[in-house]
Amino acid sequence: MSNVEAIARPAPEAEAEDPHVNGMAAYDALVAEAEADYAGYWARLAREFVTWKTPFTRSLDDSNAPFFKWFEDGTLNVSYNCLDRNVERGLGNKVAIVFEADDGQVTRVTYSDLLARTCRLANALKARGVRKGDRVVIYMAMSVEGVVAMQACARIGATHSVVFGGFSAQSLRDRIEGAGAVMVITADEQARGGKHLPLKAIVDDAIALGGCESVKDVIVYRRTGGPIDWQPSRDHWMHEETEGQPEVCEPEWVGAEHPLFLLYTSGSTGKPKGVQHSTGGYLLHAALTTKWTFDLKDDDVFWCTADIGWVTGHTYIAYGPLALGATEVVFEGVPSYPDAGRFWQMIQDHQVSVFYTAPTAIRSLIKLAEGDAAVHPARYDLSSLRILGSVGEPINPAAWEWYHRHVGGGRCPIVDTFWQTETGGHMITPLPGATPLVPGSCTLPFPGIAAAIVDETGNDVPHGQGGILVVKKPWPSMIRTIWGEAERFRSSYFPPELKGYYLAGDGAIRDAETRYFTITGRIDDVLNVSGHRMGTMEIESALVACTDLVAEAAVVGRPDDTTGEAICAFVVLKRARPTGDEAKKIATELRNWVGREIGPIAKPKEIRFGDNLPKTRSGKIMRRLLRSLARDEAITQDTSTLENPAVLAQLAEKN
């Protein structure tokens, strides 16, 4: 373990800065405090990290489990906590956001600027009739305006629902309808990788599909100036709406349980789940984890490379760093444009000290860097870095070692963070300056998180034995419900057989010696592709919706060196099974179809065709066999119950 401890600690000069959680004794003391008085522990932190308009008197209300409430009688405003509070304590001239556009242009926005822009947009939204409790869908690329839109909604008590700019019109329509949004905030186009991609046109297509009658207005940020269709009765330019609006907007003080945002995430059924997060508990965990997990200091430059369309961009771009008064980088583009040295160039240029990205990005950049010395991290000055982070999926040890050696110079701790859309923030993670690291392990629970591994009946399994990851106690930033589907929330996350524990949906194993957790993968039919959760049923439904071609489809995941998990689809057509060039042509057609129906991230990497799918005599698809086929493994499982064993040979064939 001595080797591991040597790389786990910050560099000597960083150690002198006094980490926020300094050593394992400090970590153990926090864990002991939470165990001794769980509600009191979180209440202490809520008073320390959050500014309340009306202080709360009750910490945890578990009388209607699993619909837990935290700090319920307190009132606050998230935008005030992120902006006004920092201006009031003298940080108005501090840079809040360093925005680098796709083409490399850089804009710096101070806290005073960000507050003024947020207030102007908030006033514009109110002028259009948006009120506390209304839902607003935000369909934008990475931009200062995207963060401002989120903050403006929070300021007036509107509940935002951000939709990733890569989702299709159909997916956007489903989310607008599900949220009952009264407004959509978007841009004319987005700039990514040197290309201009439509946003407003997709909003138009989504509304035209029907079911979005709740939308009264569409606010459009002019990003590229590209041509777009316009409906004067509904569409409004953002710059015209905000022009002349006051730079002061009194915050709407809301209860701690007021819904701050909805974020739709894929489930094991075809219908996305509207994960509902609270205001007070979520803000607490966003600020707390940003500070402790990244050991964030006042002079750090923090860069999370996620998109605001995912929860990582909510917690570790739009809210956590701003609640701490940090300076952060917001990036519009992609890591490979104009070349694969873009990340390292930006770290050098902006003196980034804390860098948080996904294993998928790391793995893809490893391939490019090892093939081209001109874009290798060694070519850049990365000495400003002191903390590295990983998010979205487990990072494999080889990628961990490369990241540590070539990006961190062998001196930067890597915080391998496990958490979910539903958890609001980090659940299991190392803390720099405290936790010795083991490549491939997310190590120990964040202080106050009662993570455990159990069997199918909710009983603890011995250390060293795999099982189901659960959280035994509620925590402040947890999902409150699935929007409009309370029973689905209960059955999805708190199944009765697990004794009322929160079901994470992942398998895990805990080391008998170190007590460290390692995530082993999803236990349901949800794939993790480049850190994005995709429901297999959602992709299958899209394939079958191609009614001219597809009779039946089954989707599974297989390991992938770049994306972590790749989508593999097994398809039965309404015609004879294609082979050769015909199979390749139809596979391309179906990939593009799925891209239009859901979005490019859902395109299957591989499509195989068969006369049928492997089914039992009762008609159940044997997905375990499909998983083996997708991984090119020999079929060793019992196939005696198969109705049609001959199809296995067909489905083993690659196009």
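**A hairpin and its surroundings**

Author: Let us begin at a turn: in the hairpin of β26 and β27, two residues lie between the strands, and Ser-530 takes a positive phi near 55 degrees. Before going further, please note that this is a predicted model, in which local features need pLDDT of at least 70, side-chain atom pairs count only at pLDDT 80 or more, and totals for chains, interfaces and linings use all residues. Residues are numbered from 1 along each chain as its sequence is written, and side-chain values use heavy atoms, with hydrogens and water left out.

The names of the elements come from DSSP runs, numbered from the N terminus: helices are H or I runs of at least four residues, and strands are E runs of at least two. Strand β26 covers residues 526-529, and β27 covers residues 532-535. The two pair in the antiparallel sense over four bridges; strands count as paired if DSSP finds at least two bridges between them.

Which way do the side chains of β26 point? Val-526 and Asn-528 point one way, while Leu-527 and Val-529 point the other way. In a regular strand the side chains alternate between the two faces of the sheet. All four of these residues in β26 are buried, where buried means under 20% relative accessible area, exposed over 50%, and partly exposed in between (1.4 Å probe, protein chains only).

Arg-515 has a phi near 70 degrees, a positive value in a residue other than glycine, and lies in the loop between β24 (502-510) and β25 (517-522). Arg-515 is partly exposed, with a relative accessible area of 37%. Asp-295, also not a glycine, has a positive phi of about 45 degrees. Its loop runs between α11 and β16 (301-304), and Asp-295 is buried at a relative accessible area of 2%.

Helix α11 leads us to helix α3. What covers the buried residues of α3 includes α4 (38-49) and α11 (280-293), with contact meaning heavy atoms within 4.5 Å. Those buried residues are Tyr-27, Leu-30 and Ala-34. They cover an arc of only 60 degrees around the axis, which puts them on the same side of α3; the arc is that of the directions from the helix axis to the C-beta atoms. The face turned away from the buried side of α3 carries the exposed residues Ala-25, Glu-35 and Ala-36. The length of α3 can be checked too: at 1.5 Å a residue, its 13 residues (24-36) should span 18 Å, and the end C-alpha atoms are 18 Å apart, which agrees. The expected span is 1.5 Å times one less than the number of residues.

Now for the charged side chains. A search of the whole structure finds 33 salt bridges, each a side-chain nitrogen of Lys or Arg within 4 Å of a carboxyl oxygen of Asp or Glu. One of them joins Glu-72 and Arg-58, whose closest N and O atoms are 3.7 Å apart. Glu-72 lies in the loop between β2 (69-70) and β3 (75-76) and Arg-58 in the loop between α4 and β1 (60-61), so the pair ties together parts that are 14 residues apart in sequence. Another bridge links Glu-247 with Arg-120, with the closest N and O atoms 2.7 Å apart. This pair links distant parts of the chain, 127 residues apart: Glu-247 is in the loop between α10 (238-242) and β13 (254-255), and Arg-120 is in helix α6 (residues 111-127). Glu-247 counts as partly exposed at 48% relative accessibility, and Arg-120 counts as partly exposed at 22%.

What about cysteines? A disulfide is a covalent bond between the sulfur atoms of two cysteines. Counting pairs of cysteine sulfur atoms within 2.5 Å, the structure comes to zero disulfides. The sulfur of Cys-119 is 5.4 Å from the closest cysteine sulfur, in Cys-249, too far for a bond; Cys-119 is buried, with a relative accessible area of 2%.

Last, two backbone details. The peptide bond from Ala-65 to Pro-66 is cis, with omega near 5 degrees, and Pro-66 is found in the loop between β1 and β2. Tyr-337 and Pro-338 are also joined by a cis peptide bond, with omega about 0 degrees.
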